[in-house]
Amino acid sequence: MAARKLWTEEELAILTEGYPKEGLQVMERLPGRTKSMITQQAYRMGLAPPQMTGVRQNWQF
């Protein structure tokens with residue numbers, strides 16, 4: 001099993017800024033990150049893609 005690659009501060013900033021506006025198109029600026037990795041990290045951070053903005057606030061963990 002491969003070691004888990006930690007997210008850098010730069011990657012997290014790109015994700016925080018880009019994911020709510022662009023969704024998975026932010027992947028172009030995150031080389032080495034898969035759709036699944038991006039989606040999972042965005043979920044952990046409480047970020048929603050553009051079509052879901054406003055929905056995430058009502059989700060329970």
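**Figure 1. Salt bridges of the predicted model.** The count of salt bridges in this predicted model comes to four. Side chains of opposite charge can pair when their charged atoms come close. Among the pairs are Lys 21 with Glu 17, Arg 29 with Glu 22, and Lys 5 with Glu 11. The following views take up these pairs and their surroundings.

**Figure 2. Close-up of the salt bridge between Lys 21 and Glu 17.** The closest N and O atoms of Lys 21 and Glu 17 are 2.4 Å apart. Both residues belong to helix H1, and because they are four residues apart in that helix, about one helical turn separates them. Lys 21 counts as exposed, at 58% relative accessibility. Glu 17, with a relative accessible area of 46%, is partly exposed, because the exposed class begins over 50%.

**Figure 3. Close-up of the salt bridge between Arg 29 and Glu 22.** The side chains of Arg 29 and Glu 22 meet with an N to O distance of 2.8 Å. Arg 29 is partly exposed, its relative accessible area being 38%. Glu 22 is likewise partly exposed, with a value of 28%. Elsewhere in the model, salt bridges that share partners join Lys 5, Glu 11 and Arg 33 into one network.

Figure 4. Glu 11 is placed in helix H1, which spans residues 9–22. With a relative accessible area of 9%, Glu 11 is buried, because the limit for this class is under 20%. Lys 5 forms a salt bridge with Glu 11, in which the closest N and O atoms are 3.8 Å apart. Lys 5 itself is partly exposed, at a relative accessible area of 44%. The side chain of Glu 11 is also joined to that of Arg 33 by a polar contact of 2.9 Å. Leaving aside residues up to four places away in sequence, Glu 11 touches Lys 5, Leu 6, Leu 30 and Arg 33.

Figure 5. Arg 33 lies in the loop between H1 and helix H2, the latter covering residues 35–45. Is Arg 33 buried or exposed? At 3% relative accessibility, Arg 33 counts as buried. Its side chain makes a polar contact of 2.9 Å with the side chain of Glu 11. The charged end of Arg 33 sits over the ring of Trp 7, at 4.0 Å from the ring centre. When residues up to four places away in sequence are not counted, Arg 33 touches Lys 5, Leu 6, Trp 7, Glu 11, Met 27 and Ile 38.

Figure 6. The largest nonpolar core has ten residues, including Trp 7, Tyr 19, Val 26, Leu 30, Ile 38, Ala 42 and Leu 47. H1 and H2 are the elements that give two or more residues to the core. The largest share, four residues, comes from H1.

**Figure 7. Aromatic rings in the whole structure.** How many aromatic pairs does a search of the whole structure find? The search finds zero.

Technical notes. Residues are numbered from 1 along each chain as its sequence is written. This is a predicted model: local features need pLDDT of at least 70, side-chain atom pairs count only at pLDDT 80 or more; totals for chains, interfaces and linings use all residues. Side-chain values use heavy atoms; hydrogens and water are left out. Rings of Phe, Tyr and Trp (its six-membered ring) pair if their centres lie within 6.5 Å; planes under 30 degrees apart count as stacked, over 60 as edge-to-face and the rest as tilted. A charge sits over a ring if NZ of Lys or CZ of Arg is within 6 Å of the ring centre and within 35 degrees of the ring normal. Buried means under 20% relative accessible area, exposed over 50%, partly exposed in between (1.4 Å probe, protein chains only). A polar contact is a pair of N or O atoms within 3.5 Å; within protein, one must be able to donate a hydrogen and the other to accept it, and residues adjacent in sequence count only if both atoms are side-chain atoms. Contact means heavy atoms within 4.5 Å. A nonpolar core is a set of buried Ala, Val, Leu, Ile, Met, Phe, Trp, Tyr and Cys residues joined through side-chain atoms within 4.5 Å.
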